[in-house]
Amino acid sequence: MNQFLNVTQSLLEGFGVTCLLFVLTLVFSIPLGLLISFLTMSKIKPIKYIFKVIVWIVRGVPLMLQLFIVFYLPGMLSETGLNPFGQLDNFLYFEYGIDNGGRFIATLIAFSLNYACYFSEIFRGGIESIPKGQTEAGKVLGMTKGQIFFKVILMQVVKRIIPPMSNEIITLVKDTALARVIGVIEIIKVADMFAANALIWPLFYSGVFYLIFVGVLTLLFGFIEKKLSYYKV
Amino acid sequence: MAYLQLTNIHKSFGNTQVLKGVDVSLEKGEVLSIIGSSGSGKTTLLRCINFLENADKGSMVLDGETLFDCSSEIKDSDAQIREKTLNFGLVFQSFNLFPQYTVFKNITLAPTLLIDHDAKVLSAELKKKQAEHKAKLKKEGVRDKKQVAVLLAQQRLTDKDIREEIEYFKTRRKKEIADDGEQLLAKIGLVEKRNSYPCELSGGQQQRVAIARALAIKPKVLCFDEPTSALDPELTGEVLKVIRSLKDEGRTMIIVTHEMGFAKHVSDKILFMSDGVVEEEGDPVQLIENPRSEKLKAFLSNVSEKEEM
């Protein structure tokens with residue numbers, strides 16, 4: 001029993017890192033994704049194609065590899081050869097007592113960029129699926145472009161993209177486990193450390209945390225969908 | 001010059017010339033119907049009038065104000081175009097109501113969004129007055145800060161007065177818009193649908209709401225782009241009734257339509273377009289009963305055949 005509580009507590013600590021990574025990735029990737037979606041729809045051809053290529057690269061390379069690239073490349077390119085994220089690790093540890101802060105930030109950057117690119121395609125699809133008549137109705141009523149987007153288009157897009165977004169967001173919950181490859185101590189990493197000491201079951205037990213989290217998210221998305229069911233697009 | 005005057009309008013999409021020099025003139029309070037087969041350019045003409053398309057050539061004057069003149073070098077800013085757009089209301093074939101808003105909000109949204117803009121204009125005006133008054137006081141040699149404040153307050157031009165004035169303006173406008181909204185609901189006979197969403201309405205009801213929404217910005221000219229084409233036949237009557245009541249109010253309207261009977265009765269003037277030009281125009285009864293051009297004859301017999309089928 002004591003061991004179970006011990007393991008649960010350690011896993012919860014790891015799960016805290018998982019949740020933090022999840023929430024912060026969403027906070028950064030959703031606005032960034034919206035921006036990228038606008039840029040890939042830009043009327044200025046060079047901008048449009050540059051960002052289409054970026055989306056292609058980010059979606060085309062494994063997220064794990066992107067983690068390595070974000071974490072190691074800046075150090076390799078710097079004159080001193082020191083890894084800035086490693087230095088940040090030390091700085092945050094000595095100044096604030098935070099473990100692995102630099103690695104965490106590297107992960108956050110890679111995740112945010114990666115998910116922003118996926119989201120941007122969902123947003124683009126959503127925005128382009130709204131009939132042109134909606135924009136035209138706004139125009140003839142004298143609305144500005146901003147008003148048309150925020151007051152007319154956005155809520156319709158939100159309704160349309162909730163199913164694909166919930167899919168992507170649930171995938172993100174589980175993708176956070178990749179952070180361990182550059183040494184972020186999230187829940188699987190914690191469980192793995194038990195496994196290294198011949199205690200295997202925490203590894204399976206960690207799955208329960210993901211299941212509960214995804215269950216809560218599923219309920220949340222169901223609730224939002226229901227909330228928005230008062231109108232049809 | 002007529003109230004609304006379009007002169008020599010040209011419009012091409014790529015290599016296809018859709019409008020090849022169209023002239024339209026309309027007096028205040030008149031109703032003009034535009035008929036013609038699909039592809040004749042009538043919808044494009046309406047879209048040019050509503051600034052949804054930019055004409056390549058030609059000009060438009062409304063009530064003495066030039067709204068666009070393609071021969072002029074000066075290009076209007078987005079804000080100027082938005083302001084000019086407000087001279088016209090447009091009712092679409094496919095309604096294009098905002099699905100996420102109630103009937104009432106659909107009607108009041110656009111005027112409500114204009115409040116902030118108008119408030120900014122008013123605020124700028126008052127600030128300018130304030131600055132002028134301050135300069136005047138300075139010239140008169142009033143240096144004492146307290147005295148300046150008192151004199152400004154007498155003119156209701158202190159910062160606080162201006163803020164209050166703007167607040168008052170906003171509240172008043174909101175109330176006016178809400179009152180207008182109620183009146184428009186009554187006009188289209190949908191008071192009981194005030195809080196319904198567009199998806200809960202029939203096509204005819206949706207189109208009536210779209211008419212109210214277009215009227216809410218108080219346009220000088222109301223345009224209809226085949227307002228009944230997307231409706232089931234039994235629902236066209238209620239929409240046409242609303243349009244007829246608007247004519248009785250003396251509204252200036254342009255209606256692109258396939259409803260020949262309606263066009264004949266409601267219009268003061270009919271314009272028959274074919275292949276990007278005005279083929280024939282004139283008095284509705286005369287034009288429909290005694291068409292002169294071969295094209296119009298063919299068009300009318302085609303339409304009546306379809307109606308008989």
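In chain A, helix H1(A) passes helix H9(A) in a right-handed crossing, meaning the near helix is turned clockwise from the far one by less than a right angle. Bear in mind that this is a predicted model, where local features need pLDDT of at least 70 and side-chain atom pairs count only at pLDDT 80 or more. Residues are numbered from 1 along each chain as its sequence is written.

H1 covers residues 2-40 of chain A and H9 covers residues 201-227 of chain A; helices here are DSSP runs of H or I with at least four residues. The two pack at an angle of about 45°, and their axes lie 10 Å apart.

Now on to the two chains. Their contact takes 24 residues from chain B and 21 residues from chain A. About 2100 Å² is buried between them, with carbon and sulfur atoms giving 64% (buried area is accessible area, 1.4 Å probe, lost on being put together, summed over both parts). In chain B, Arg82(B), Gln100(B) and Leu113(B) lose the most area to chain A, together 28% of what that side buries.

Two salt bridges are counted between the chains (Lys or Arg side-chain nitrogen within 4 Å of an Asp or Glu carboxyl oxygen). Glu136(A) forms a salt bridge with Arg47(B), the closest N and O atoms being 2.7 Å apart.

Conventions. Chains lettered and ligands numbered in written order. Heavy atoms only, no water. Axes fitted to C-alpha atoms, helices over the stretch in contact; angles between N-to-C directions. Contact = heavy atoms within 4.5 Å. Buried area = accessible area lost by both parts, 1.4 Å probe.
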